[in-house]
Each structure stands twice: as structure tokens, then as C-alpha cells.
Amino acid sequence: MLVEVKRISKTEMTVVSSLDVAETFEKNHRDVMESIRNIESVISTAEFSALFYLDSYKASNGKMNPMYLMTRDGFTLLVMGYTGEKAMQFKIAYIKQFNAMEKALQGKLIEREKGIAVRQSLTKALQQSTENGRMHGHAYSTYTNCIYKVLFGKNAKQLREDLGISATENLRDHLSEEEIRAVQSMERLVSGLVDCGWGYDQIKEFIQKNNTTKIAV
């Protein structure tokens, strides 16, 4: 069974799908969907919407069918009634797995918070230099693309295409904690070099030659 971190209602959270529940507990997906709808009928709309999120998937025949994504609490509420040794084993395994995923997500969120200060520092350094004027207000995006190219071998647009996200979504929301750390480390370095009066070409050559981190996205 897959446990994923997805963006639901502008919030990242750990979720599992009704398809995965059906496969793991060897049940028909329609029965799992019916169980979820039964839960919906006995709790308030606000309580249900906090636990279960209607989504869809493409079936083998190409048709889009409904499924649910559920939080840890929604999953627990659903499978609590399942019985048998296998069900018990998976309940214990899922408690451990969800806890591990939540820990990873918390670490990622902490890194993203740190990243705000790092980006502000780089933005300020560029604004105080001549780079922003020379690049007609596009210095930050130019330097960021340079950092992405050095670390990932691709610019922001190419990374978005590979990850299947739109231009309006925050690219860093889709990077791992390790990837975010690498970007922030490079931004700190670039910010310091800009403060020292280095220009774009000089900085680009320096980070290309001295970078030891290559990340495949």
C-alpha cells in the first residue's frame, strides 16, 4: 500500500487512497467506497471533509472513476472495523509508516520555513547590487535558474515539466527535504558572493566548478 504526501486544500498532508486500502485488505474497491459513504452518513459534513477527500483515477478502460484519499485518522476510522490477522498486522505497520512519513514531512516543512529567510537574504543582496537593474528586475529568477541547473541539471521550467506541475504552483513544495537543503545551501553561497561584488558570470562559473552535489529529480 502506498502512503503519499499530497497537497489537499492548500495544505500538505499524509494520505492513502481507497484503492490502496482495497488492494491491501483484499476487498472490492466498491465495498471500500461504500464503507466510506456509510461513515459520511453518520458524521457531520465538516468532520467527514477533514478526513476524506473525493478524488478520481483512470481505470484500465480509460474511464475516470471516483476514489477517496484519506488522512491517517480517516484511514484508522475506516479500517478499525476490519478483522483478522492480516488486518491487525497492517494496522500496526501503518501506525509505524504514518509516523515515519509525518516525521519526514515535518522536517521538510521546517526546511521550507528556513528557506524563506534564505530567499529574502538573496533577494536583498541582489536588490542592493547592480544585478537586478542590469537584468531588468529578473535577477532573482535568473540566479535561481542557475542554481537549479547546477544542482539538478535543469532550470525551473524543465523541473516543472518533469514533475508535472503548473507555473502557478510552488516548485519547492514538490522537492524533498534533501533537495530543499541543497538549494538553500547554494542560495546562501550565491548571496554571499553577490554581497562581495561578484557578477553573474563569475558566480555561475564558480558554483559550476565547485559544486559537489548532483541531484536527480
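The model is predicted, so local features are reported at pLDDT of at least 70 and side-chain atom pairs at pLDDT 80 or more, while totals for chains, interfaces and linings use all residues. Residues are numbered from 1 along each chain as its sequence is written, and side-chain values use heavy atoms, with hydrogens and water left out.

The chain contains ten helices and four strands, taken as DSSP runs (H or I of at least four residues for helices, E of at least two for strands) and numbered from the N terminus. Read from the N terminus, the order of elements is β-β-α-α-α-β-β-α-α-α-α-α-α-α. Of the 217 residues, 38% are buried; buried means under 20% relative accessible area, exposed over 50% and partly exposed in between, with a 1.4 Å probe and protein chains only. Among contacts (heavy atoms within 4.5 Å) with a separation of 6 or more, 58% join residues 24 or more positions apart.

Helix H2 spans residues 29-42. Its 14 residues reach 21 Å from the first C-alpha to the last, close to the 20 Å expected at 1.5 Å a residue, where the expected span is 1.5 Å times one less than the number of residues. His29, Val32, Met33, Ile36 and Ile39 are the buried residues of H2. These residues lie on the same side of H2 because they cover an arc of only 115° around the axis, the arc being that of the directions from the helix axis to the C-beta atoms. On the other side of H2, Arg30, Ser41 and Val42 are exposed. The cover over the buried residues of H2 includes helices H1 (18-24), H3 (45-51) and H4 (72-79), together with strands E3 (52-58) and E4 (64-70).

The contact is formed by Thr142, Tyr143, Cys146 and Val150 of H7 with Tyr200, Ile203, Lys204, Ile207 and Gln208 of H10.
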